[in-house]
Structure formats: structure tokens, C-alpha cells
Amino acid sequence: VNGKVIHLGDKADPDKDAITLDGRMIKTSVKKIYIALNKPKGYLSDIDEMHPAPTVNDLVGLEEKLFSVGRLDMDSEGLILMTNDGEIGNRLTHPRYRHDKEYEVFVIKEPDDEQLEIWRRGVVMEDGYRTLPAQVEVMANSNNGSWLRITMREGKKRQIRKVGSRIGLPVAQIKRVRIGS
């Protein structure tokens, strides 16, 4: 490191130090990649070699291995962040950082005030888990349902669909429009 032999326990900063092995420079820093992608329906958020469906990585078309920051199920669409930066991925998805996720959700029934209030307070699921409170507002009503804006700080697997079903508001469409700020 910087022309000196190091010993077990020594540290080096790959962004500041010259690291060589047998006189050859070691490339240690990887170019960070950040992509905001509008995921369409029909694509998987995660790589699953056993599943025949295309993935968001197919849309990006890069050789580098990227992972999705947060997931959307195959039937959902909207904002997915793709990166090779594990630190930023963790900062955006770990619950302790309390980042909002905002969705536009179409339910096939006009919600009443009680259903909206239950969703806002948190819903006790079949397994006994109570979802965290969420912001829920009606964006527009139509003769075949309503568009809701839902902002929440958690994102359990298929949570919006399960909560909607649990309180009598079947979900037909989900589009994530924001993660954090």
C-alpha cells in the first residue's frame, strides 16, 4: 500500500491509497451505478433464474450485476431504483431510516370512511401482524372504483394487496411513484 508492505490488520482506503500486488496496480474501486427505472407490469424485480419471466435487469441491459432497491410484484409498476451500491440500497430499504414509499393504487370499489381510517391506523393481518400506520387519501372516484394515494414506511411482501383485500377493497393496480424524497 503506497509502496510499503502491509501486515495483517493494516488498513487501506482504495479511493486514496495506491494498492499493488507484485508491482501491478490492483483496481479496487467499482464505479457506482444508480438507475431510476419505471418498471412495467410483467417484469420481476429480483433475479430468479428458475422463473421464465423477464427481469428489470433485462430492461437495463448492463453487464454489471445490479440489484433492485425495494421490490414490486410482477403485477405492479412504477419506480424501482437499481444499483450496485449496497450501502445506499440498505439506507433506502432498512426500516430504521424511515423512508416513505408513495403509491397510486386503484381499488375496484369506492372506499367508505371506515375502511380508509382502518388502513390509516394499521391493519391486523391474518398472521396477527399489525401494519404500521399509513397516509391514505382518495385521489379520484370513478364508477368502477377509486384511485388512492398511499404513503407508507414499510413494505412487506404484497402488503398493499393484502391490506386492501383484508378490509374489503380489492386492489386492481399499483404504481409506485416515490421512494424517500
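Contacts between residues 24 or more positions apart make up 60% of the contacts in the protein chain with a separation of 6 or more. The model is predicted. Its protein chain holds 4 helices and 9 strands. Read from the N terminus, the elements follow the order β-β-β-α-β-β-α-β-α-β-β-α-β.

Along the principal axes, the C-alpha atoms fill a box of roughly 70 × 30 × 30 Å. Buried residues account for 34% of the 181 in the protein chain. The accessible surface amounts to about 11,900 Å². Carbon and sulfur atoms contribute 49% of that surface. The protein chain carries 30 positive and 28 negative charges.

Strands S7 and S8 form an antiparallel pair. S7 spans residues 135-142, and S8 spans residues 145-152. The two strands are joined by 7 bridges. A hairpin of 2 residues connects S7 to S8. Within this pairing, Asn141 stands opposite Ser146 in S8. In a regular strand, side chains alternate between the two faces of the sheet.

S8 also takes part in covering helix H4. This helix comprises residues 159-166. Its buried residues are Gln159, Ile160, Arg161, Val163 and Gly164. Their cover includes strand S6 (101-107), helix H3 (113-121), S8 and strand S9 (171-179).

Just after H4, Gly168 adopts a positive phi of about 85°. This glycine sits in the loop between H4 and S9. Gly168 counts as partly exposed because its relative accessibility is 29%, a value between the limits of 20% and 50%. Leaving aside neighbours within four places in sequence, Gly168 is in contact with Lys109 and Gln115. The C-alpha atoms of Gly168 and Pro111 are separated by 8.5 Å. Along the chain, Gly168 and Pro111 are 57 residues apart.

Positive phi values also occur in residues other than glycine. Asp22 has a phi near 55°. Its place is the loop between strand S1 (20-21) and strand S2 (24-25). With a relative accessibility of 76%, Asp22 is above the 50% limit and therefore counts as exposed. Arg98 likewise has a positive phi, near 55°. Arg98 is found in the loop between helix H2 (86-93) and S6. The relative accessible area of Arg98 is 55%, so this residue is exposed as well.

Asn57 lies in helix H1, which covers residues 56-60. Asn57 is buried because its relative accessible area is 16%, under the 20% limit. Apart from neighbours within four places in sequence, Asn57 is in contact with Ile47, Leu66 and Met82.

How values were computed: Residues are numbered from 1 along each chain as its sequence is written. This is a predicted model: local features need pLDDT of at least 70, side-chain atom pairs count only at pLDDT 80 or more; totals for chains, interfaces and linings use all residues. Side-chain values use heavy atoms; hydrogens and water are left out. Two strands pair if DSSP finds at least two bridges between them. Buried means under 20% relative accessible area, exposed over 50%, partly exposed in between (1.4 Å probe, protein chains only). Contact means heavy atoms within 4.5 Å. Accessible areas come from the Shrake-Rupley method with a 1.4 Å probe; for residues, only the protein chains shown count as cover. Lys and Arg count as positive and Asp and Glu as negative; His and the chain ends are not counted. The place of a charge is taken as NZ of Lys, CZ of Arg, CG of Asp or CD of Glu.
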